[in-house]
Amino acid sequence: MAASFHSLTVSKIDRQTPDAVAVSFDLPLDAAEAFAFRPGQYVTLRTKIDGRDVRRPYSICSVPESGTLTVGVKRVDGGAFSTLANTRLAVGDRLDVMPPDGRFGVKIGGVHDYLLIAAGSGITPMMSIARTVLEREPESRVTLLFGNRDTGSIMFRDALDDLKDRFLGRLAVLHCLSRETHAVELLNGRIDGARVRDLAARGIIDPLDADAIFLCGPGGMIDDVSETLRALGVVAAVIRTERFTPADDAPAAPVITEATRTLTREGVAVDAILDGVRRHFVMSDPQTSVLDAARDAGIELPFSCAGGMCCTCRCRIVEGATEMAVNYSLEAWEIDAGFTLACQSRPTSERLVLDFDAV
Ligand code: FES
């Protein structure tokens, strides 16, 4: 995977709520191929803030092949990038944008029932999925369960109303509000496993009949709802998840174990293969991940969230072994096939070779 960024111009900023915007970019013709995406994918944005290189992954909310690349950015406390996007970013500004990535999302075609469950800015990839499905799968149906604090904090509210009008009978939207009283008692409060169980028991949602269930939002909601869905009898392969970084400031560095510390005290030789080129560096105590060690050596490896969530730093272990501090994105088969996340990996062998081109 190439770590190349493209410099794109901001073409539009749509305020969604007092603390959320949708940011659109001009896509020059020569970037169209690189920026082709599947509904559900994300892009990584990068800029310098106070002299610091800051990058964050943001989900795409626009429809593939629409000629528009739009992401949703919700401001979070202390979040450098989300604050910039919500307060100082202007049409005409340029940002570095990495081409789309991510496995969350849908392959369009056929007739399906989709259940989308989102909290807060977790709606962003769902907008792309719902719009694309409704436009390109004329007989498919979509149910969206969407959690927010109150009506004023609902991102894409107008767009969802328009979609409901346009695709009458094929899109159902259920708003759960945690700080505003809803006429439907069952929709008062946060989305969690208990609520999903109740809504299923009353026949308001039908997870067992869904061909695909997409979950996007904070990790706690995803874990709880996924567990409930599986307990209800939903097959694990039907459930697809995308976690959002708890805050968009730098995630906590992985804690280094004593075993790694002992190894790295002497220095672990690491080779990273990227775009067919092999780069060599040494990981030493107190560097806490292979990604950090590469950055300290001035080597640019692909990464975005640095928190084990997005998979941008996925690579295959060709030689040696690692342990991961956390992993929220690699699936079991990928770990069995030798893949790891560079942002979370610490060597457990004296030498390590990682292939970032492996698919
Ligand atoms: S950079 Fe996101 S998982 Fe490593």
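In strand β18, Ile-317 finds its bridge partner in Leu-354. Strands here are DSSP runs of E with at least two residues, numbered from the N terminus, and two strands count as paired if DSSP finds at least two bridges between them.

Strand β14 (residues 314-319) also pairs with β16 (residues 339-341), again in the antiparallel sense and over three bridges. Here Arg-314 has Leu-341 of β16 as its bridge partner.

## About the model

This is a predicted model, in which local features need pLDDT of at least 70 and side-chain atom pairs count only at pLDDT 80 or more, while totals for chains, interfaces and linings use all residues. Residues are numbered from 1 along each chain as its sequence is written.

## Domains

Let's step back to the domains. The assignment, which is automatic or from a database, gives domain 1 (6-101), domain 2 (113-243) and domain 3 (258-355). Between the C-alpha centres of domain 1 and domain 2 there are 24 Å.

## Where domain 1 meets domain 2

Across this boundary, 14 residues of domain 1 are in contact with 15 residues of domain 2; contact requires C-beta atoms, placed from the backbone, to lie within 7 Å. On the domain 1 side, β1 (6-17) and β5 (69-74) are the elements that give two or more residues. The largest share, three residues, comes from β5.

By class, that side of domain 1 has seven nonpolar, six polar and one charged residues. Nonpolar covers Ala, Val, Leu, Ile, Met, Phe, Trp, Tyr, Cys and Pro, charged covers Asp, Glu, Lys and Arg, and the others, Gly among them, are polar.

Definitions and conventions:
Helices (H or I, at least four residues) and strands (E, at least two) are DSSP runs, numbered from the N terminus. Two residues are in contact if their C-beta atoms, placed from the backbone, lie within 7 Å.
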